Amino acid sequence: MGKVIVLDHPLIKHKLTYIRDKNTGSKEFRELVSEVAMLMAYEVTRDMELEEVEIETPITKMKSEVIAGKKVGIVPILRAGLGMVDGMLSLLPAAKVGHIGLYRDPETLKPVEYYCKLPQDIEERKLIVVDPMLATGGSASAAITFLKQRGANNIKLVCLIAAPEGAEAVHKAHPDVDIYLANMDENLNEDAYIVPGLGDAGDRLFGTK
C-alpha cells in the first residue's frame, strides 16, 4: 500500500509559509516553490540504490558509493507542475523530463489528456510526478493512469500541499504510489480549493488570473 509522507523539515515549513502568503509576488513565489521542490527531492530520493566503485583520492585508492539502478524521470502536470521542475533538476541533473497536460471535460467532469511527451524509456525509469497542489486528486490520478498505460511501473507523486480528500482519491486509484507532501491541509471548500491552501498555484507562478 502506498504511503503518504509529510516532509516536516524546518526549512520546508519556513518556505511554505511564504508560499502561502497572499502578499508574496510571482518572482518570489516561483523561487520558493523551486527551493521547496529541491528540498523535497532530497527526501524523495532517499531510497535510491547504491553501488560500490573504486576511486583514487589525492591520498589513496578507496571504495566508495554512487547511485545505481533505475534512471529518474520528472513529469510535471501542466501547467503548475512546471514550477517544481528546476528545483528537482538541481539535485537530479541527469533526469529526463516528460510533460503531461490535462483538462476537465465540462460535461463529463472527467480529466482529458491534451498533451503528453515522455522519455522513450519510461518503463525503465523511476518517475517523479510533480504538481504543487493535490486537491480532488482527479488530475493526479488520471496522469498516473496515463503514465501506467504507457508502461510506467515505478511512480511517486510529489506535491507541496494536499487535501485529505485528494490523497485518499489517489491512494484508492493507485495504491502502489507513494505521495510526498510538504503539508496535509484541512479540507476542500465548496469550490474544490484546498483550505487554507495557497490559492491557484498556476496563476501565482505565472502572474495570470
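Analyst: Let's start with holes. On a 1 Å grid over the protein atoms alone, a cavity is a set of points where a 1.4 Å probe fits but cannot get out, while a pocket is an open set with protein on both sides within 12 Å along at least five of seven lines; lining residues have an atom within 4 Å of a point. Grid points are joined across faces, edges and corners, and a volume is the space filled by probe spheres set on the points. What you have here is a predicted model, where local features need pLDDT of at least 70 and side-chain atom pairs count only at pLDDT 80 or more, but totals for chains, interfaces and linings use all residues. Residues are numbered from 1 along each chain as its sequence is written, and side-chain values use heavy atoms, with hydrogens and water left out.

User: Now the open ones. What volume does the largest pocket have?

Analyst: About 700 Å³. There are 26 residues lining the largest pocket, and Asp131, Met133, Ala135, Ser139 and Asp200 lie nearest its centre. Several elements each supply at least two lining residues, among them strand 4 (71-78), helix 4 (138-149) and helix 6 (201-206). Sorted by class, the lining of the largest pocket comes out as 15 nonpolar, six polar and five charged.

User: What about the second largest pocket?

Analyst: That one has a volume of about 160 Å³. It is lined by 13 residues, with Met48, Ile67, Lys71, Val72 and Ala94 closest to its centre. Nine of the lining residues are nonpolar, one is polar and three are charged.

User: On to helices. How do I read a packed pair?

Analyst: Two packed helices are described by the angle between their axes and the distance between the axes. Axes are lines fitted to C-alpha atoms, for helices over the stretch in contact, and angles run from 0 to 180 degrees between N-to-C directions. Angles under 35 degrees count as roughly parallel, over 145 as roughly antiparallel, 65 to 115 as roughly perpendicular and the rest as oblique. Helix 1 (residues 10-20) and helix 2 (residues 26-44) have axes 9 Å apart at an angle of about 155 degrees, so the two are roughly antiparallel.

User: Which residues in helix 1 and helix 2 meet?

Analyst: Contact means heavy atoms within 4.5 Å. Leu11, Ile12, Lys15, Tyr18 and Ile19 in helix 1 touch Phe29, Leu32, Val33, Glu35, Val36, Leu39 and Met40 in helix 2. That contact has 10 nonpolar, no polar and two charged residues.

User: Are helix 4 and helix 5 roughly parallel or antiparallel?

Analyst: Their axes come within 8 Å and cross at roughly 25 degrees, so helix 4 and helix 5 are roughly parallel. Ala140, Ser141 and Ile144 in helix 4 meet Ala169, Val170 and Ala173 in helix 5.

User: Last topic: where are the cis peptide bonds?

Analyst: One joins Leu78 and Arg79, with omega about 0 degrees. Another joins Val195 and Pro196, again with omega about 0 degrees; Pro196 sits in the loop between strand 13 (194-195) and helix 6.

Key. Helix = DSSP H or I, 4+ residues; strand = E, 2+ residues; numbered from the N terminus. Nonpolar A, V, L, I, M, F, W, Y, C, P; charged D, E, K, R; others polar.
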